[in-house]
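This report goes through one protein model, taking charged pairs, strand pairing and model confidence in turn. Please keep the sequence and the coordinates at hand while reading.

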Amino acid sequence: MKCPKCGLDNSSGATYCKSCGTALQQKYNTCKNGHNYDATLAACPFCPSAGSLSGAKTQIDGAGGRGDKTIVDMGGPKLMPHTPSQGSNRDDKTMIYGPNQGTNNAPAAGIRKLVGWLVTYDINPAGIDYKLYIGRHKIGRSSNSDIVIQQPGISEDHAVLLYRDDKFILQDMLSTNGTYVNEELIDDKVTLKNDDIIRIGDIKLKLKIV
């Protein structure tokens, strides 16, 4: 199954992309008007039901001597903005909610679950936090990184932090100055625990796990 986000081929039974963590199996149906909706619903919530005013043609009101008034149906789906997270450049799309949707605590299909933060006071004395989600997070100076830290001593592609199977795994990407965990230089993949300190260049980042 090909990931719709990064294009990686995954196994047919995969739920999330093994590269970027994007949900692969979205349980939805598509109605005749092209709307995607929850497969547990009996009918598309975005399409008007039979006899609904929103499904009828524009009506002309002839009262008062004027025949040019348009009747507007305001019962369609609502647009709700989604606030982008810091350090992510793919989390800023407007989300569309239909009637009775968006009220439960489960993440919608395609939305990565928040699992922790990296917190630092070395860039700003007031503190900066980077949200962590299921999947991979590239850390470095490159603008293509998920966590961009443009400070001296940090390589373009410095390290990768992966959350999978309820574990955080950190790997150095052959950076010039190396990656440290609790002031120990790492040579291979390292499994992290809550409150571990990651140092890249002169920047220390504390891991806080949800």
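## Salt bridges

A search over the whole structure turns up 4 salt bridges, a salt bridge being a side-chain nitrogen of Lys or Arg within 4 Å of a carboxyl oxygen of Asp or Glu. Side chains of opposite charge can pair when their charged atoms come close. The structure is a predicted model, in which local features need pLDDT of at least 70 and side-chain atom pairs count only at pLDDT 80 or more, while totals for chains, interfaces and linings use all residues. Residues are numbered from 1 along each chain as its sequence is written, and side-chain values use heavy atoms, with hydrogens and water left out.

One of the salt bridges joins arginine 199 to glutamate 183, with 3.2 Å between the closest N and O atoms. Arginine 199 belongs to strand β14 (residues 197–200) and glutamate 183 to the loop between β11 (179–181) and β12 (184–185), so the pair ties together parts that are 16 residues apart in sequence. Helices (H or I, at least four residues) and strands (E, at least two) are DSSP runs, numbered from the N terminus. Arginine 199 is buried at 18% relative accessible area, whereas glutamate 183 is partly exposed at 45%. Here buried means under 20% relative accessible area, exposed over 50%, and partly exposed in between (1.4 Å probe, protein chains only). Glu183 and Arg199 are also linked with Lys204 in a network of salt bridges.

Aspartate 195 and lysine 208 meet through their side chains in a salt bridge, 2.6 Å from N to O. This pair links distant parts of the chain, 13 residues apart: aspartate 195 is in the loop between β13 (190–192) and β14, and lysine 208 is in strand β15 (residues 203–209). Both ends have intermediate accessibility: aspartate 195 is partly exposed at 35%, and lysine 208 is partly exposed at 32%.

Aspartate 196 forms a salt bridge with lysine 193, and the closest N and O atoms are 3.2 Å apart. Which end of this pair is buried, and which is exposed? Aspartate 196 is buried, with a relative accessible area of 5%, while lysine 193 is exposed at 52%.

Strand β7 (residues 135–140) runs antiparallel to strand β9 (residues 159–164), and 5 bridges join them. Strands count as paired if DSSP finds at least two bridges between them. Lysine 138 has valine 160 as its bridge partner in β9, and isoleucine 139 has alanine 159. β7 is also joined to strand β8 (residues 147–148), by 2 bridges and in the parallel sense. The partner of glycine 140 in β8 is valine 148.

Of the 6 residues of β9, 5 are buried, so β9 is largely enclosed by the rest of the structure.

## Two loop residues

Serine 142 lies in the loop between β7 and β8 and is buried, with a relative accessible area of 12%. Its side chain reaches the backbone nitrogen of asparagine 144 at 3.1 Å. Leaving aside residues up to four places away in sequence, serine 142 touches Val148, Glu156 and Asp157, a contact being heavy atoms within 4.5 Å.

Threonine 176 sits in the loop between β10 (167–172) and β11. Is threonine 176 buried or exposed? Threonine 176 is exposed, at 70% relative accessible area. The C-alpha atom of threonine 176 is 7.8 Å from that of glycine 153, and the two residues are 23 residues apart along the chain.

## Confidence

The chain has an average pLDDT of 77, and 60% of the residues score at least 70; pLDDT is the predictor's confidence in each residue, from 0 to 100. Over residues 82–90 the pLDDT is below 50, and the model gives this stretch 19 contacts beyond near neighbours in sequence. Residues 97–103 also stay under 50, with 9 contacts beyond four places in sequence. Where pLDDT is low, the predicted coordinates should not be read in detail.

Technical notes. A polar contact is a pair of N or O atoms within 3.5 Å; within protein, one must be able to donate a hydrogen and the other to accept it, and residues adjacent in sequence count only if both atoms are side-chain atoms.
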